[in-house]
Structures are given as C-alpha cells and as structure tokens.
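Here is a short report on one protein model. Keep the sequence and the 3D view at hand as you read.

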Amino acid sequence: MNILLVEDEPEVAAFIKTGLEEQQYNVTVVHDGLEGATVAATQNFDLLILDIILPNYNGLDVCKQVRINKKELPILMLTALGTLKDKVQGFENGADDYLTKPFHFEELLARINALTRRRAASSGRIYKAADLEVDCDKATAFRNGKEIQLTTKEFTLLEILIANKNKVLSRSEIAEEVWGINFDRGTNLIDVYINYLRAKIDKNHSKKLIHTVIGRGYVLKEL
C-alpha cells in the first residue's frame, strides 16, 4: 500500500515512515502543505496521513482540495489539535478519521487497517431505501433523483445506516464503525452528525428515513 504522509516535523515524519515501512508500506513524505496538495492530486496513493498545522497551506485546506477530485481516497488527520471543534472541522473538510498527538503507533496501525478494510468492504455496493440511493464506489447519494452534497464523514455515517437498513444501531456501534477505536463516547459528536445528516437527507421530505429509537440508538427505515 502506498501512503502519502504530510508532516512538517522531521522527527515525527521519520518515526512514522520507519514504523510503516517496517510493516511493508511504501511511504512518501512531504513537509509542506502546498506541496502535499500537489503530490496528492498528481500521484496515486491508497491513504493520505495529514497534519493540520503545516507551512504555506494548512491541512484542512489540503483535505478539502484533495476531496474535489479524489472522493474515494482515505484521509487520516494526525494532529495535536484535539478539541471537539477541531475534530468536527477535520471531518467537515473531508477527513475519514482523526487521531491526536501524542499517539501510540499501534493505534495508528489499527486506524490505517480499519480505513482500508472499510474501503474494500464498501466496494461495488449500491444501497436503496425509498427514494434514497447511495453508491459506495462513487461516494454519492441521491434522493428523489437530486444529488445530496455530503462531507466524507457524513457519507460514512449514511453508508453505515443504510447498509443496516431497518436495524437499530446503538451509539457505541455507530462510534465503532464510523469513528473507529478509542472514540470518546463522552462527546456529542454522534448526535451532531446525525443532525447534520437529517438536515440533508430528510429536510423538505415528508417521508423521514432517519429515526431515533429512545434508549437504543438510531435506525434508517421506511415508515
């Protein structure tokens, strides 16, 4: 697997590169945000690991730019910015996962494995519920024939819900599938994203698809 690492701290970059290469990954390191955006756009990678605080072009802008033409590329934010607001901004700009520094290398490997498994598992799948259609390969969603613009994390959440249509998913199950291991269940991030998704999927439609099951979790179903 070919990984692009955009990290401006040479020691951190060298540590990550050495560790990943020991796991048989091919790692290209870039220390500048603008160069990182250019390399990501012009070369093919299986994963992008991206810091936020970078010279010339911050990681949020890099992520947003990469997402324009490479919606399917898994992006892992690896940064010292760890507040709920920081994480929401990362996801809103297109990140698939978010890991804060300092970190354990074993967790970084677990996050990488989870992202690549998720990508492989969703390949070729198209889901439908009422007039909603979700294409996992193209990372697109349409309702009543109209495309819905979703961030990467919103799409992942929708994908999990529609893949488990009519099944109630607990907040823990959603956290594990969408945000990965060691998710801070003390935050309201899941509720925030459910509300984001409802505003885009159900707003202005008489038939609501995303439902709360009090005390249990959430479900996507046709009533």
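Lys 101 sits in the loop that joins β5 (97-100) to α5 (105-122). The model is predicted. Is Lys 101 buried or exposed? Lys 101 counts as buried, because its relative accessibility is 17% and the cut-off for buried is under 20%. The side chain of Lys 101 makes a polar contact with the side chain of Asp 51, at 3.3 Å. Beyond its neighbours within four places in sequence, Lys 101 touches several residues, including Glu 7, Glu 9 and Val 12. Leu 78, Thr 79 and Ala 80 are also among its contacts.

Next, a pair of helices. Helix α6 (residues 152-163) packs against helix α8 (residues 189-201). Their axes are 10 Å apart, and the angle is about 85 degrees. That makes the two helices, α6 and α8, roughly perpendicular. From α6, the contact takes in Lys 153, Glu 154, Leu 157, Leu 158 and Leu 161. On the α8 side are Tyr 193, Ile 194, Tyr 196, Leu 197, Lys 200 and Ile 201. By type, the residues of this contact are eight nonpolar, three charged and no polar.

Now the cysteines. How many disulfides are there? The count is zero. The sulfur of Cys 63 has its closest cysteine sulfur in Cys 136, 19 Å away, so a bond is ruled out by distance. A disulfide needs the two sulfur atoms within 2.5 Å.

| Residue | Relative accessibility | Class |
|---|---|---|
| Cys 63 | 0% | buried |
| Cys 136 | 9% | buried |

Methods:
Residues numbered from 1 in each chain as written. Predicted model: local features only at pLDDT ≥ 70, side-chain atom pairs only at ≥ 80, totals over all residues. Heavy atoms only, no water. Buried < 20%, exposed > 50% of the residue type's maximum accessible area, 1.4 Å probe, protein only. Axes fitted to C-alpha atoms, helices over the stretch in contact; angles between N-to-C directions. Helix = DSSP H or I, 4+ residues; strand = E, 2+ residues; numbered from the N terminus. Parallel < 35°, antiparallel > 145°, perpendicular 65-115°, else oblique. Contact = heavy atoms within 4.5 Å. Nonpolar A, V, L, I, M, F, W, Y, C, P; charged D, E, K, R; others polar. Polar contact = N/O pair within 3.5 Å; in protein donor to acceptor, adjacent residues only side chain to side chain.
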